[in-house]
Amino acid sequence: MLRSALFLFLLVCLFSSCGRYQPADDYVSMDAEMTPNVLSQELLEGLRGKRDVSDLVSEIARLEPRKLAAELDTRAKKEAFWINIYNGMVQYLLTENPELFDDRSAFFSTPAFTVAGHTLSPNEMEHAIIRGGENRFGLGFVPQLFSNKFERTFRIRGGDSRVHFALNCGASSCPPVEIYRPGTFEEQIDARVRSYLREHSEIKTVDGEQVLVTSPLFQWFKGDFRDHDGVDDFLVTYGILTEENKNMKRTYEEYDWTLETGIWAK
């Protein structure tokens, strides 16, 4: 009986509010100059200007989870913050220690950057939070089976396939780093998707058949694009294909994994 009751309690905790950080009822918003979104922007601005950002890294680490949860109270704030933090983390770590990229698997899986007291790896930040809790090997069709309290609190529910054209992983083929702001997030990320796809998509004639050669991101995260009814419709939405040719055969360009930091949006 006791075991059953304990199991039920744990199950309820897993799927209820006690499994997440809850903002305090009496929470007062931070000063506009000190918000997490502003910190994330200043981190990238400092890195772009090749300034010492160690104080900002420490300040991001010292954020209190409940306050961070309270501040990130809209989807635009969440996406802008976490994309900026991911890109800032990668730029910071690889600028400080470029040799980390010699073993990419270890680099992406090793917790090395602290946000609100929780040290995250690039994989954890991308898949557990930004992609909304997707399994990194599931092509966007398989969610993570287990997540911790921090991930459950901050994951972007439902994901957003556009983030794949905003996250910079330190390689030459990665999208450039843009500094996202909540107030202009939608316009910024839509423009970034269009810009990246124009550069990485080409219709060629192969053996008399038209073929779209585009980014392997569509192959690696195919299931994520269900938020646009699939890859075909995503490509139509962003002007690469039309309704008439959206079922065109696709092949994928080779991804250049050469280390290249400092790829900034113009």
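Two strands count as paired here if DSSP finds at least two bridges between them. Helices (H or I, at least four residues) and strands (E, at least two) are DSSP runs numbered from the N terminus. The views below come from a predicted model, in which local features need pLDDT of at least 70 and side-chain atom pairs count only at pLDDT 80 or more, while totals for chains, interfaces and linings use all residues. Residues are numbered from 1 along each chain as its sequence is written, and side-chain values use heavy atoms, with hydrogens and water left out.

**View A. A three-stranded open sheet.** Here the strands run in the order E3-E4-E5, with mixed pairing. E3 (202-206) and E5 (249-252) are the edge strands, each with a single partner, so one side of each has no neighbour in the sheet. On average, neighbouring strands are turned by 40 degrees against each other, direction ignored (axes are lines fitted to C-alpha atoms, for helices over the stretch in contact, and angles run from 0 to 180 degrees between N-to-C directions). Look for the antiparallel pairing of E3 with E4 (residues 209-214), which spans five bridges. Lys204 sits opposite Val211 of E4.

View B. You will find Ser201 in the loop between helix H9 (185-199) and E3. Its relative accessibility is 15%, so Ser201 counts as buried (buried means under 20% relative accessible area, exposed over 50%, partly exposed in between, with a 1.4 Å probe and protein chains only). The Ser201 side chain reaches the backbone oxygen of Leu197 at 2.9 Å, and a polar contact of 2.9 Å joins it to the side chain of Thr214. A polar contact is a pair of N or O atoms within 3.5 Å; within protein, one must be able to donate a hydrogen and the other to accept it, and residues adjacent in sequence count only if both atoms are side-chain atoms.

**View C. The largest nonpolar core.** This core has 65 residues, and Trp82, Val115 and Leu197 have the most contacts inside it. Helix H5 (residues 75-96) gives the most to the core, with 11 residues. A nonpolar core is a set of buried Ala, Val, Leu, Ile, Met, Phe, Trp, Tyr and Cys residues joined through side-chain atoms within 4.5 Å.

**View D. The disulfide.** A search of the whole structure finds one disulfide (a pair of cysteine sulfur atoms within 2.5 Å). Cys169 and Cys174 form it, with their sulfur atoms 2.5 Å apart. Cys169 is buried at 10% relative accessible area, and Cys174 is buried at 5%.
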